[in-house]
Amino acid sequence: MANYKIAVDIGNTRAKMGIFLGDELIEKSEGSPDLLVKHVEKYNPEGVVLVSVTGNEIPYLELLHKNIKVLKLSYDTDLPIEMLYESPETLGMDRIAAVVGASVLFPKTNALVIDAGSCITFDFIDEKGQYHGGAISPGWRMRYRAMNAFTARLPMLEIPEHTPDLTGKTTTEAMHSGVFYSLKLEIEGIIRMYADKFPNLQSILTGGDGPKLQKTLKIPVELHPELVLLGLNRIWSYHVE
């Protein structure tokens with residue numbers, strides 16, 4: 001009998017699901033609690049491992065059969081990495097799942113995880129498997145919202161299809177330039193700072209805006225959109241072991 005597992009990452013704007021057979025991600029999707037129920041009925045998994053940054057996981061859990069084992073990632077969950085963060089109860093658990101995913105892909109490696117979503121998060125795990133912490137800054141869309149909300153005349157913009165010119169010749173172009181290049185240089189600069197401090201650093205980019213950002217970065221960065229799901233699967237296996 002195949003031992004399937006379902007990993008669920010409930011973010012601020014969407015929920016991602018991954019079907020695992022052992023360590024292999026065999027299917028991924030985005031959807032609602034009803035989709036999770038369909039996956040459970042199709043695969044009859046040994047369990048569901050779930051992380052939520054919003055606290056709205058209840059609709060997902062309420063629809064699951066009571067005989068389905070569920071592991072909800074929280075600050076006191078036992079982990080296959082060592083936690084050095086001083087306030088784990090305030091930490092977004094998706095950040096932990098991502099660094100566990102990094103340790104799966106790049107074991108015994110100094111790794112910096114950059115998650116480009118609603119916020120941009122930077123998380124560092126060292127070659128000994130020790131998670132140190134990182135940084136949080138406004139994400140791409142959040143920067144547009146801030147300029148619109150805190151000024152009288154600046155419009156609310158959407159992420160452009162193409163890379164903006166450095167010198168904007170209209171207010172809209174200037175906003176696109178300011179947001180994009182501040183984000184790009186921030187990411188490149190923080191990677192350089194970590195690389196100066198920790199040798200043989202592996203940088204990993206994930207999150208919804210990751211693919212668009214990777215194309216513009218001048219520093220090598222591995223793109224792994226399913227990093228959180230990989231980490232959740234490893235955490236489940238750690239508990240089973």
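The largest pocket of this predicted model holds about 700 Å³ of space. Lining residues have an atom within 4 Å of a point. Of the 32 lining residues, Asn12, Asp94, Asp115, Gly117 and Ser118 are the closest to the pocket centre. The lining divides into eleven nonpolar, eleven polar and ten charged residues. Here Asp, Glu, Lys and Arg count as charged; Ala, Val, Leu, Ile, Met, Phe, Trp, Tyr, Cys and Pro count as nonpolar; the others, Gly among them, count as polar.

Several elements supply at least two lining residues each: β1, α3 (93-105), β7 (111-116), β8 (119-125), α4 (140-149) and α7 (227-240). Helix α4 gives the most, with four. Helices (H or I, at least four residues) and strands (E, at least two) are DSSP runs, numbered from the N terminus.

Strands β7 and β8 also belong to an open sheet of six strands, in the order β6-β9-β8-β7-β10-β11, with mixed pairing. Strands pair if DSSP finds at least two bridges between them. β6 (82-83) and β11 (222-223) stand at the edges with a single partner strand each, so one side of each has no neighbour in the sheet. β8 and β9 (residues 130-138) run antiparallel, joined by seven bridges. Phenylalanine 124 is bridged to glycine 133 in β9.

Glutamine 202 lies in strand β10 (residues 202-206). Its relative accessibility is 18%, so glutamine 202 counts as buried. Buried means under 20% relative accessible area, exposed over 50%, and partly exposed in between (1.4 Å probe, protein chains only).

Helix α1 (residues 33-43) has a buried side. Pro33, Leu36, Val37, His39, Val40 and Tyr43 are buried. They share one side of α1 because they cover an arc of only 160 degrees around the axis, taken from the directions from the helix axis to the C-beta atoms. The face turned away carries exposed Lys38, Glu41 and Lys42. Just after α1, asparagine 44 takes a positive phi of about 45 degrees.

Residues are numbered from 1 along each chain as its sequence is written. Local features need pLDDT of at least 70, side-chain atom pairs count only at pLDDT 80 or more, and totals for chains, interfaces and linings use all residues, while side-chain values use heavy atoms, without hydrogens and water.

Methods. 1 Å grid on protein atoms, 1.4 Å probe; cavity = no way out; pocket = protein on both sides within 12 Å on 5 of 7 lines; lining within 4 Å. Points joined across faces, edges and corners; volume = space filled by probe spheres on them.
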